[in-house]
Amino acid sequence: MCAHVLVAEDDEMQAELIRRSLLTEGHTATVVHDGAAAITAARKLRPDLVVLDLMLPVIDGFGVCRALRGEDDIPVLMLTARSAEDDVLLGLELGADDYMTKPYSPRELMARIRTVLRRSGRTVEGRQEDTVVRAAGLSVDPARHEVRCDGTPVDCTPAEFEILLAMTAEPERVFSRRQLLQYTRGLDRASTERAVDVHIMNLRKKIEADPRRPARLLTVFGVGYKLRGGRA
């Protein structure tokens, strides 16, 4: 079951964790951080599911859900930090297909997403055939936890794998050290932003012809790192 999921979450760290979990499940994801952007993206992209935070800026989750239900039947999974029964009932009355109360585990969220997608029948089972992410001569397979560079297998640590998966999914995007650190937390308890530099250095040794003059994994001085090259 593979789907395109629109994630509307104003907490950048939380949104990135949801996006990473979706990629690992074989889905694709678009992330927005306010309600107006969520409505625009939903109209333009017509996703298979919207993961919708209730407390969004500009237009809150109730307003987004009301707007979407007025013109489409896109399934909505609402996230709320407010567990008051009235809030939950209002969300369901506006057409949300399910809701989760924060905090929640990524595993539980993915299970709920699978259930909503299965009920909606909007996914295309055949799209599951190839969930490998490819860019810049790299292929990252989240299902098999495999990496190849120009067709050659590359041994990666769990933290290196998560960094490559994120960067290969969005080539040319500049990631800060703090953003990349999010992908390694839970894998290395001692991980710090400086540890990200070590992961990048080690990855360059594995995927660059000349690690001292990288052509793929570039430093953007004062900002962070990016993967040069378009999606394949």
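F175 has Y225 of strand 12 as its bridge partner. This is a predicted model: local features need pLDDT of at least 70, side-chain atom pairs count only at pLDDT 80 or more, and totals for chains, interfaces and linings use all residues. Residues are numbered from 1 along each chain as its sequence is written, and side-chain values use heavy atoms, without hydrogens and water.

**Sheet**
- Strand 10 and strand 12 (residues 224-227) pair in the antiparallel sense over two bridges; pairing requires at least two DSSP bridges between two strands.
- The open sheet has three strands in the order 10-12-11, with antiparallel pairing.
- Strand 10 (175-176) and strand 11 (217-220) each have a single partner strand and stand at the edges, so one side of each lacks a neighbour in the sheet.
- Helix 8 (residues 193-207) packs on the sheet and touches strand 11 and strand 12; contact means heavy atoms within 4.5 Å.
- The direction of helix 8 makes about 145° with that of strand 11, using lines fitted to C-alpha atoms and N-to-C angles from 0 to 180 degrees.

**Helix 3**
- At its start, a side-chain oxygen of D60 comes to within 3.1 Å of the backbone nitrogen of F62.
- Buried residues in helix 3 (residues 61-69) include G61, F62, G63, V64, C65 and L68; buried means under 20% relative accessible area with a 1.4 Å probe, protein chains only.

**Whole chain**
- The chain holds eight helices and twelve strands, taken as DSSP runs: H or I of at least four residues, and E of at least two.
- Of the 232 residues, 48% are buried.
- Among contacts with a separation of 6 or more, 61% join residues 24 or more positions apart.

Terms used:
Buried < 20%, exposed > 50% of the residue type's maximum accessible area, 1.4 Å probe, protein only. Polar contact = N/O pair within 3.5 Å; in protein donor to acceptor, adjacent residues only side chain to side chain.
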